[in-house]
Amino acid sequence: MSEEATDDVVKVIRTPVQLDYNYSAGKSATRFLRAMKEGKLIGQRCPVDGRVYFPSRGSCPMHGVPIEGEPVELADTGTLVTFSIVRIPAEAVPLDVPFVTVQVLLDGADTVLMHLLGNCELDDVHMGMRVKAVWKPKEEWTESVANILYFEPLDEPDADYDSYKEHI
């Protein structure tokens with residue numbers, strides 16, 4: 001190979017990739033996804049320590065025991081625990097760049113949900129802010145967390161740091 005050919009290095013190759021797969025939801029995830037289609041957010045309570053896991057799960061990841069009790073219906077409000085500003089467009093995100101990804105601790109839950117934040121200036125985003133889900137129109141709901149377009153700030157005082165610090 002000539003030296004001239006090695007100086008002309010290929011730097012970027014754009015290769016579209018698509019992964020199609022089937023997902024077997026199981027009992028717990030099926031219950032969760034069907035509730036999403038009805039506009040309900042449900043978790044389940046660990047029988048050992050009472051923690052509420054959202055989305056609902058078939059077993060407690062901390063204690064390894066089945067979670068078989070009644071689902072716990074959660075509010076669509078919560079506390080922004082942490083966030084990241086994203087400056088690269090994403091096809092599946094309904095917001096313009098830059099946009100904000102967030103970890104939300106829903107009221108009544110003990111685990112966080114990763115989602116998006118909208119209707120908020122970047123300089124105003126901060127940990128502890130109270131947020132509420134913005135849902136798609138009801139006629140567009142399916143068995144998906146994508147029924148929630150994004151979360152937006154609530155006109156409420158910030159949550160106390162001690163109420164969410166273990167979720168950072």
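**View 1. Strand β7 and its pairing with β8.** In this predicted model, strand β7 and strand β8 (residues 148-153) pair in the antiparallel sense over five bridges, where strands are DSSP runs of E with at least two residues, numbered from the N terminus, and two strands pair if DSSP finds at least two bridges between them. Within this pairing, K132 stands opposite E152 in β8. Strand β7 itself covers residues 130-135 and is mostly covered, with five of its six residues buried, that is, under 20% relative accessible area with a 1.4 Å probe and protein chains only.

**View 2. Strand β7 and its pairing with β4.** Strand β4 (residues 77-86) also pairs with β7 in the antiparallel sense, over three bridges, and T79 stands opposite R130 in β7.

**View 3. Two cis peptide bonds.** The peptide bond from F54 to P55 is cis, with omega near -5°, and P55 lies in the loop between β2 (52-53) and β3 (72-74). A cis peptide bond also joins V97 and P98, with omega about -10°, and P98 is found in the loop between β4 and β5 (99-106).

**View 4. The backbone at N119.** N119 has a positive phi of about 55° although it is not a glycine, and its place is in the loop between β6 (112-117) and β7. At 55% relative accessibility, N119 counts as exposed, the cut-off for which is over 50%.

**Notes.** Residues are numbered from 1 along each chain as its sequence is written, and side-chain values use heavy atoms, with hydrogens and water left out. Local features need pLDDT of at least 70 and side-chain atom pairs count only at pLDDT 80 or more, whereas totals for chains, interfaces and linings use all residues.

Conventions:
Helix = DSSP H or I, 4+ residues; strand = E, 2+ residues; numbered from the N terminus.
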